[in-house]
Amino acid sequence: MQTSVTPDAISAVLSNPSFDSSSDRPDIVVQVVDLKPIGNRYTFSANDGKTKVKAMFTASLTPEIISGNIQNLGLIRLLDFTVNDISSKSTKYFLVNKCEAVAPALDSEIDLESKSEEEGGEFKRQKLEHSPVNDVKTDVSTGITLKPKQEFVAKSASQIISEQRGNAAPAARMAMTRRVHPLVSLNPYQGSWTIKVRVTNKGPMRNYRNARGEGCVFNVELTDEEGTQIQATMFNDAARKFYDRFQLGKVYFISRGSLKLANKQFKTVQNDYEMTLNENSEVEEASNEEMFVPETKFNFVPIEELGLYVNQKELIDLIGVVQSVSPTISIRRRTDNEMIPKRDITLADESKKTVVVSLWNDLATGIGQELLDMADKSPVIAIKSLKVGDFQGVSLSTISRSNVVINPESPEAKKLKSWYDSEGKETSMSSIGSGMSPSAKNGAWSMYTDRVLLSHITSNPSLGEEKPAFFSTRGYISFIKPDQTMWYQACKTCNKKVTEAIDAGYWCEGCQKKDEECSLRYIMVVKVSDSTGEAWFSSFNDEAEKIIGCSADELNKLRSEGGEVNEFQTKLKEATWSSHIFRISVTQNEYNGEKRQRVTVKGVAPVDFAAETRLLLQDISKKSK
């Protein structure tokens with residue numbers, strides 16, 4: 001069992017990024033130097049006798065330090081740790097998740113610069129020979145030199161805290177005198193609290209006018225070290241007081257704020273609560289928190305499941321391999337005619353689907369240009385907070401608070417990159433929007449937007465009075481009238497209804513010309529049923545073809561054929577009791593002075609049972625909250 005520092009261990013770790021706690025490696029024992037509290041954690045320098053590196057214990061190890069098990073100038077064995085970058089700097093630090101004490105505090109700091117050990121740095125705390133000439137202590141049996149540092153004496157954690165409280169800055173004193181609460185523990189009924197958070201997004205100052213007068217407001221998104229986020233909003237005096245104080249990327253101690261249930265309409269982060277700060281709230285910058293790097297938590301949605309989020313208020317996170325990057329173009333904004341930059345990128349993932357993401361403003365010119373320069377390397381990017389729209393079926397857009405990370409160090413990114421390098425680059429991809437009906441012309445959005453049961457429509461006779469209402473529903477074709485007018489004669493050029501010409505052929509009023517032939521296009525009604533009821537749906541040519549399984553010309557040919565077996569009736573029978581996903585519009589039509597509800601099919605798709613299962617699980621999850 002090793003009981004001394006491991007020589008050159010720190011240099012070996014820093015030179016090999018994969019040389020971490022998951023590697024098959026020998027024990028790493030280091031000396032704890034410069035131990036001091038930062039909030040509810042402790043920082044120190046890990047010393048192997050030749051190299052020192054900044055390090056931090058996780059909060060779970062704080063009791064070990066308070067109890068004296070882990071001491072300043074003592075030895076610890078690193079059992080689980082990660083190597084991270086200090087924010088905005090090129091230096092590294094160790095984040096120690098698990099360790100064990102090897103030896104209590106030594107007399108001084110270990111220095112191996114002029115000594116080496118044959119057995120890998122075995123340190124035995126034996127009799128030390130003191131040299132009065134240079135005040136250096138040497139272990140006779142091992143030759144390890146202990147370098148004296150008058151300012152470092154083995155102290156208990158309570159002594160360290162007591163000494164530092166007197167000279168600490170206001171922010172540091174706030175952390176020491178109040179227990180720092182994780183964001184996940186806060187609620188509206190809680191008393192006083194202090195949080196330590198990094199500003200991960202800062203919105204602009206906005207002016208508003210309402211019945212109570214004029215004012216200003218801005219908000220920030222705050223993230224703690226566990227990756228939990230919350231939105232904080234400030235109005236009027238508080239907004240003017242804190243707008244310049246809050247700087248993007250900096251760490252703050254905050255107290256004396258209030259919480260309330262988040263307004264889902266304006267909710268930007270995954271938190272049930274939102275925070276309000278007033279002019280009496282305390283906001284102090286934590287200048288010594290350079291190693292406080294909150295983990296950005298992503299909740300990735302596979303590309304194939306994006307249809308569930310089309311035109312919803314909920315923002316999503318996405319990870320994908322960059323397939324292509326377009327040049328930057330300028331778009332004129334309707335509200336103020338300002339020209340803003342836009343760039344489209346195409347992403348793919350393991351579902352073998354692609355989607356177009358529009359980058360706007362600084363993301364288009366900054367990150368977008370960086371992606372264009374490295375597009376041939378197929379980088380993996382993770383994007384937080386994307387809005388899902390229905391352009392070309394499914395499309396994604398960044399917003400002011402969106403965050404793009406290129407080649408993130410995450411298991412999802414490594415798995416995706418491995419898949420793409422091994423098979424993805426040779427795989428045929430298809431756009432997720434190709435299976436959705438675009439809304440540009442007929443208002444048919446995703447098949448998974450605004451899902452309702454038929455009873456929702458039939459029990460609301462006034463639905464669609466002011467304007468068409470759009471829904472999606474799942475149901476069975478339960479009946480098709482065989483004697484109804486199922487099609488009309490249409491112009492082959494414009495698809496408008498034609499009339500038979502007096503001499504021969506067909507006359508199109510729209511094209512103002514006669515044609516020798518015409519085509520048949522569906523215009524029929526079908527009865528649709530589900531577990532809650534039934535309703536009559538009007539369907540036109542493209543949608544009816546998917547329901548019947550053949551064109552109107554083909555069905556007319558079957559009806560005109562004789563024989564013992566009526567193929568026309570057989571075709572209609574085959575179409576009944578088949579399940580579909582319908583995108584529908586509900587309007588009000590007047591017939592004989594009476595208003596009637598009209599349900600029109602805007603899109604038809606076969607049932608994707610995997611997607612339906614995910615939709616049900618999503619509903620269960622929402623209702624269980």
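Let's start at Trp577, which you'll find in the loop between helix 13 (567-575) and strand 32 (579-591). Keep in mind that you're looking at a predicted model. With 59% relative accessibility, Trp577 counts as exposed. Its backbone is worth a look too: Trp577 has a positive phi of about 55 degrees, although it is not a glycine. Why point that out? Most residues other than glycine have a negative phi.

Ser385 is another residue of this kind, with a positive phi of about 70 degrees even though it is not a glycine. Ser385 sits in strand 22 (residues 380-389), and at 7% relative accessibility it counts as buried. You can find another charge over a ring at Arg559, which lies over the face of Phe568, 5.3 Å from the ring centre.

How many aromatic pairs does a search of the whole structure find? It finds 11. Such a pair is described by the distance of the centres and the angle of the planes. Take Trp419 and Tyr420: their ring centres are 6.3 Å apart and their planes stand at 55 degrees, so this pair is tilted. Are these two residues buried or exposed? Trp419 is buried, and Tyr420 is buried as well.

Phe479 and Trp536 make another pair, with centres 6.3 Å apart and planes at 75 degrees, so this one is edge-to-face. Phe479 belongs to strand 25 (residues 469-480) and Trp536 to strand 31 (residues 533-540), so the pair ties together parts that are 57 residues apart in sequence. Phe479 is partly exposed at 38% relative accessibility, and Trp536 is partly exposed at 37%. Elsewhere, ring pairs join Phe242, Phe246 and Tyr252 into a cluster.

What about the inside? The largest nonpolar core has 32 residues, and those with the most contacts inside it are Tyr522, Phe537, Ile548, Leu555 and Phe582. Strand 30 (residues 519-530) gives the most to this core, contributing five residues. Zoom in on Leu555: leaving aside neighbours within four places in sequence, its contacts include Met486, Trp487, Tyr522, Ile548 and Phe568. That last one, Phe568, is the ring that Arg559 lies over.

There's also a second, separate core of 29 residues, with Val325, Val355, Met374 and Val394 among them. One of these, Val325, is touched by Leu372, which also touches Arg343, not counting residues up to four places away in sequence. Leu372 is in helix 7 (residues 367-373) and counts as partly exposed, at 34% relative accessibility. Along the chain, Leu372 and Pro327 are 45 residues apart, yet 8.0 Å separates their C-alpha atoms.

Finally, the cysteines. A disulfide is a covalent bond between the sulfur atoms of two cysteines. Cys494 is partly exposed, with a relative accessible area of 29%, whereas Cys99 is buried at 13%.

Key
Residues are numbered from 1 along each chain as its sequence is written. This is a predicted model: local features need pLDDT of at least 70, side-chain atom pairs count only at pLDDT 80 or more; totals for chains, interfaces and linings use all residues. Side-chain values use heavy atoms; hydrogens and water are left out. Rings of Phe, Tyr and Trp (its six-membered ring) pair if their centres lie within 6.5 Å; planes under 30 degrees apart count as stacked, over 60 as edge-to-face and the rest as tilted. Buried means under 20% relative accessible area, exposed over 50%, partly exposed in between (1.4 Å probe, protein chains only). Helices (H or I, at least four residues) and strands (E, at least two) are DSSP runs, numbered from the N terminus. A charge sits over a ring if NZ of Lys or CZ of Arg is within 6 Å of the ring centre and within 35 degrees of the ring normal. A nonpolar core is a set of buried Ala, Val, Leu, Ile, Met, Phe, Trp, Tyr and Cys residues joined through side-chain atoms within 4.5 Å. Contact means heavy atoms within 4.5 Å.
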